Amino acid sequence: MDDVGNARLRKAARSQSLLRELNERINSSRQPSTFIEFLCECARTSCGGLVAMTEDEYESVRADPTHFLVAPGHVFPDVERIVEQDRRFLVVEKINHAAEFATAADPRST
């Protein structure tokens with residue numbers, strides 16, 4: 001992958017990791033069975049989408065540092081693949097270099 005491609009991946013990983021950290025804060029004081037509006041963790045830096053899910057559903061996503069919660073239609077197939085699909089949300093898995101960046105930036109891994 002060239003320097004431009006790597007820079008794009010790093011920027012997307014940083015953006016998604018920031019959204020993930022914000023969702024961690026949102027999630028910290030909620031009940032497990034109620035719907036919570038989480039920020040879409042897609043790679044689109046201008047996205048302000050919200051996704052409704054339970055704490056248990058979110059924890060399932062967070063069990064893998066390469067997985068991100070995204071709104072339907074917010075998939076970037078060049079760096080991720082869909083691993084779970086629900087009518088309210090998608091779970092994507094980062095692949096290749098994007099997976100390495102996502103794992104390194106995971107706030108639960110530090």
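Buried means under 20% relative accessible area, exposed means over 50%, and partly exposed lies in between (1.4 Å probe, protein chains only). By that rule F38 is buried, and so is Y58. This is a predicted model, in which local features need pLDDT of at least 70 and side-chain atom pairs count only at pLDDT 80 or more, while totals for chains, interfaces and linings use all residues. Residues are numbered from 1 along each chain as its sequence is written, and side-chain values use heavy atoms, with hydrogens and water left out.

**Aromatic pair**

- Rings of Phe, Tyr and Trp (its six-membered ring) pair if their centres lie within 6.5 Å; planes under 30 degrees apart count as stacked, over 60 as edge-to-face and the rest as tilted.
- The count under this rule is 1 aromatic pair.
- F38 and Y58 form the pair, which is stacked, with 4.4 Å centre to centre and 10° between the planes.
- The pair links distant parts of the chain, with F38 in strand β1 (residues 36-39) and Y58 in helix α2, 20 residues apart.
- Helices (H or I, at least four residues) and strands (E, at least two) are DSSP runs, numbered from the N terminus.

**Sheet**

- An open sheet is formed by 3 strands in the order β3-β5-β4, and the pairing is antiparallel; two strands pair if DSSP finds at least two bridges between them.
- At the edges stand β3 (67-70) and β4, each with a single partner strand, so one side of each has no neighbour in the sheet.
- From one strand to the next the twist averages 35°, where axes are lines fitted to C-alpha atoms, for helices over the stretch in contact, and angles run from 0 to 180 degrees between N-to-C directions.
- Strands β3 and β5 run antiparallel and are joined by 4 bridges.
- L69 stands opposite V91 in β5, and F68 stands opposite V92 in β5.
- Both faces of β3 are covered: H67 and L69 are buried on one side, F68 and V70 on the other.

- A salt bridge is a side-chain nitrogen of Lys or Arg within 4 Å of a carboxyl oxygen of Asp or Glu.
- The count under this rule is 6 salt bridges.
- K94 and E80 form one of them, at 2.5 Å from N to O.
- That pair links distant parts of the chain, with K94 in strand β5 (residues 90-94) and E80 in strand β4 (residues 80-85), 14 residues apart.
- K94 and E80 are both buried.
- R81 and E93 also meet in a salt bridge, at 2.4 Å from N to O.
- R81 lies in strand β4 and E93 in strand β5, so this pair ties together parts that are 12 residues apart in sequence.
- R81 is partly exposed at 44% relative accessibility, whereas E93 is buried at 16%.

**Other charged contacts**

- R108 forms a salt bridge with E59, with the closest N and O atoms 2.9 Å apart.
- R108 is in the segment after α3 (96-104) and E59 in helix α2 (residues 55-62), so the pair links distant parts of the chain, 49 residues apart.- R108 is partly exposed, with a relative accessible area of 38%, and E59 is partly exposed at 28%.
- E57, D86 and R88 are linked in a network of salt bridges.
- K94 lies over the face of F68, at 5.6 Å from the ring centre; a charge sits over a ring if NZ of Lys or CZ of Arg is within 6 Å of the ring centre and within 35 degrees of the ring normal.
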